[in-house]
Every structure is written in structure tokens, then in C-alpha cells.
Amino acid sequence: GNIKIVDTADSQYTSIYAVDANTIFISYQDWAFNSGAVKFAKSTDGGATWPAGNIKDVDTVGDTGYYTSIYAIDANTIFISYYDNTTGVKDLKFAKSTDGGATWPAGNIKTVDATNDVGQYTGLYATDANTIFISYYDVTNTDLKFAKSTDGGATWPAGNIKTVDSTGDVGEYSSLYATDANTI
């Protein structure tokens, strides 16, 4: 009874966030779509239904959508971080919707870090609509990295990208949480 089919696509790398008891968002990769795409699904009745009209393509360029992480400030402002595995790319990416996931404008899709092969196993959290944090794995250097945006994801300055730990092979399956903009 409480198990529902969200999307019949071949999906993986899911992440879920609930704004309240009724509004639930899921990000995931549709790996059958042109070798991979970031998708978004929305339920407004506590997960009882997942209307086809609420399933949206977020990023369909290349082989993308691996290791998604989703977070919402409210029912309108939604962020997704993910890894772009396209040959020759291998970057950490970020997408933003400001209309409850109805649209994911191309101008709101940003490359966060493009230094070698980075961006697997993302964790995303925001303290408000402007301050966004992402933790992720640097595949090339086997490090745990961190990125911060203070303008709602419009920019991800190089000075706000830090290596958190580089001792051994660290950083896979990351997650993060912040109590405020300073304590992460």
C-alpha cells in the first residue's frame, strides 16, 4: 500500500527530501536516457502519487546524474548536486529550480569543480537560499572536498573550494550538515 512507483525509467543514485508531510522531492539518474540524465520527481500528497507531469528532466547533456543529492529551502527553491561522468568532463555539477521543480533552467546549471576527475558521492545542504554547501569525492586525488556558494549557487568561487582530508583514500559516500553558515 505505501510502496509506490515514482518513475518507470531505469533509475539509480536517488536522493530524497521532504519539505513537509505532503511535499516530497526525489532526484535521481535515468541511466537509460542518452547514457544518463538527472531527473526530478515531486509528490504533493505525501508520496501517495507521483504524477507524470511532476517528473522533470534537470540535465540531459552527456552522461550525467550520478550520485545526486537534493535539498530544498522551501517548496519552491530546490538544489541538486551531481557528478557529470561525460567523457572528457568528469565534473561536480549543481542545478537549481525556483518554481518548485516545474522548470530547471539551463542557466541555473553550474559546474562547481572541474579540477581533474571530481564530484562523485555528493552531499548537499543549504542554510538559506544563498548559502549552499557540497561535500564530494575527488577521484583523481582520492580526497574529500568541500564547495561553498554564497549567492544561491550562481557562482562557486575557487577560493570556496577546499580539500577537507587528503590522508589516504577518503571522501567516498560523503554527507554534510550545517547548523548555520559558519558551523558545518
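Start by selecting V112, which touches L92, K93, F94, I134, A147, W156 and I161, leaving aside residues up to four places away in sequence; contact means heavy atoms within 4.5 Å. This is a predicted model, in which local features need pLDDT of at least 70 and side-chain atom pairs count only at pLDDT 80 or more, while totals for chains, interfaces and linings use all residues. Residues are numbered from 1 along each chain as its sequence is written, and side-chain values use heavy atoms, with hydrogens and water left out.

Next, select F94, V112, L124, I132, I134, Y136 and W156: these have the most contacts inside the largest nonpolar core, which has 19 residues. Such a core is a set of buried Ala, Val, Leu, Ile, Met, Phe, Trp, Tyr and Cys residues joined through side-chain atoms within 4.5 Å; buried means under 20% relative accessible area, with a 1.4 Å probe and protein chains only. Another core, of twelve residues, lies apart from it and includes V38, I78, I80 and I109.

Strands are DSSP runs (E, at least two residues), numbered from the N terminus, and two of them pair if DSSP finds at least two bridges between them. Six bridges join strand 9 to strand 10. Select G123 to find its bridge partner in strand 10, S135.

Last, go to D30 in strand 2 (residues 24-30). D30 counts as buried because its relative accessibility is 8%.

Methods: Buried means under 20% relative accessible area, exposed over 50%, partly exposed in between (1.4 Å probe, protein chains only). Helices (H or I, at least four residues) and strands (E, at least two) are DSSP runs, numbered from the N terminus.
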